[in-house]
Amino acid sequence: MSKPIGSEWSVMLISILFLLNYLLLWQLGSGASFDDRIEEVVGSGSLPDDEVSALRLLSKNLLSKDTMQLTLTYPICSPEKHAEIRCDYCHSIKNQSVCSVTIINLPSKNLDGSIDPSIDLFEKLEALNLFNNQLSGEIPATLGNLQYLKILNLSSNSLTGSIPPNLTKLHNLEYL
């Protein structure tokens, strides 16, 4: 068997690089489920326990039992500007950074469950965008407890009932 010459090496190297690039892109594109991402947060300890519980309830209630799992970008709780679930207001507890959920941005995700009343456990929530899904049920009155809330977009859903009167307590609300 003869050794490959320069051009054969180049072709082999380029083929291997294309294969590795494809595998990397495939791995990044195969998002984990909402529940898997929550377990990552639990493992890292980057969210307070009550917000982890609220994320679990959010995951459970935003999807009906007939819906496929919701996949989210990595990591679930990111300080990045365009993160689906954004976390800020970080502080250190026992040499570990613990943050709070500040933005939940899940428009057009084919969500067909309901909004759990535990949404108020996200005390520092500034924006809740569930636009253009198929959510049903009532708007939880507990949204009125979110004093940092600036943006609330629940439009283009199948929500029922009236707007809870205690939403008038949201003095920072800029967009409804």
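Select Cys99 to begin: is Cys99 buried or exposed? It is buried, at a relative accessible area of 10%; buried means under 20%, exposed over 50%, and partly exposed in between, using a 1.4 Å probe and protein chains only.

Before going on, a word on what you are looking at. This is a predicted model, where local features need pLDDT of at least 70 and side-chain atom pairs count only at pLDDT 80 or more, while totals for chains, interfaces and linings use all residues. Residues are numbered from 1 along each chain as its sequence is written, and side-chain values use heavy atoms, with hydrogens and water left out.

**Stop 1: the disulfide**

Cys90 and Cys99 form a disulfide, with their sulfur atoms 2.0 Å apart; the rule asks for a pair of cysteine sulfur atoms within 2.5 Å. By that rule the count is 1 disulfide. Look down the S-S bond and you'll find 100° about it, making the Cys90 and Cys99 link right-handed. The Cys90 end is partly exposed, with a relative accessible area of 43%.

**Stop 2: the hairpin**

Now select S1 (residues 85-93) and S2 (residues 96-105). Strands here are DSSP E runs of at least two residues, helices are H or I runs of at least four, and both are numbered from the N terminus. S1 and S2 pair in the antiparallel sense over 7 bridges; pairing takes at least two DSSP bridges between two strands. Click on His91 and look across to Val98 in S2, which stands opposite. Ile93 has Gln96 of S2 as its bridge partner. The hairpin leaves 2 residues between the strands, and Lys94 takes a positive phi near 50° there.

**Stop 3: out across the sheet**

Stay on S2 and colour by accessibility. Of its 10 residues, 7 are buried, so S2 is largely enclosed by the rest of the structure. Next, bring in S3 (residues 127-129): S2 and S3 run parallel and are joined by 3 bridges.

Widen the view to the whole open sheet, whose 4 strands come in the order S1-S2-S3-S5 with mixed pairing. S1 and S5 are at the edges with a single partner strand each, so one side of each has no neighbour in the sheet. From one strand to the next the twist averages 25°, with axes fitted as lines to C-alpha atoms and angles between N-to-C directions running from 0 to 180 degrees.

**Stop 4: Asn157**

Jump to Asn157, in the loop between S5 (151-153) and S6 (158-160). Asn157 is buried, at a relative accessible area of 18%. What does its side chain reach? A polar atom of the Asn157 side chain lies 3.0 Å from the backbone nitrogen of Leu135, and one lies 3.3 Å from the backbone oxygen of Ser155. Now show what surrounds Asn157: leaving aside neighbours within four places in sequence, its contacts (heavy atoms within 4.5 Å) are Leu130, Phe131, Asn132, Asn133, Gln134 and Leu135.

**Last stop: the whole chain**

Zoom out. The chain has 3 helices and 6 strands, following the pattern α-α-α-β-β-β-β-β-β along the sequence. Buried residues make up 36% of its 176 residues. Among contacts with a separation of 6 or more, 53% involve residues 24 or more positions apart.

Notes: Polar contact = N/O pair within 3.5 Å; in protein donor to acceptor, adjacent residues only side chain to side chain.
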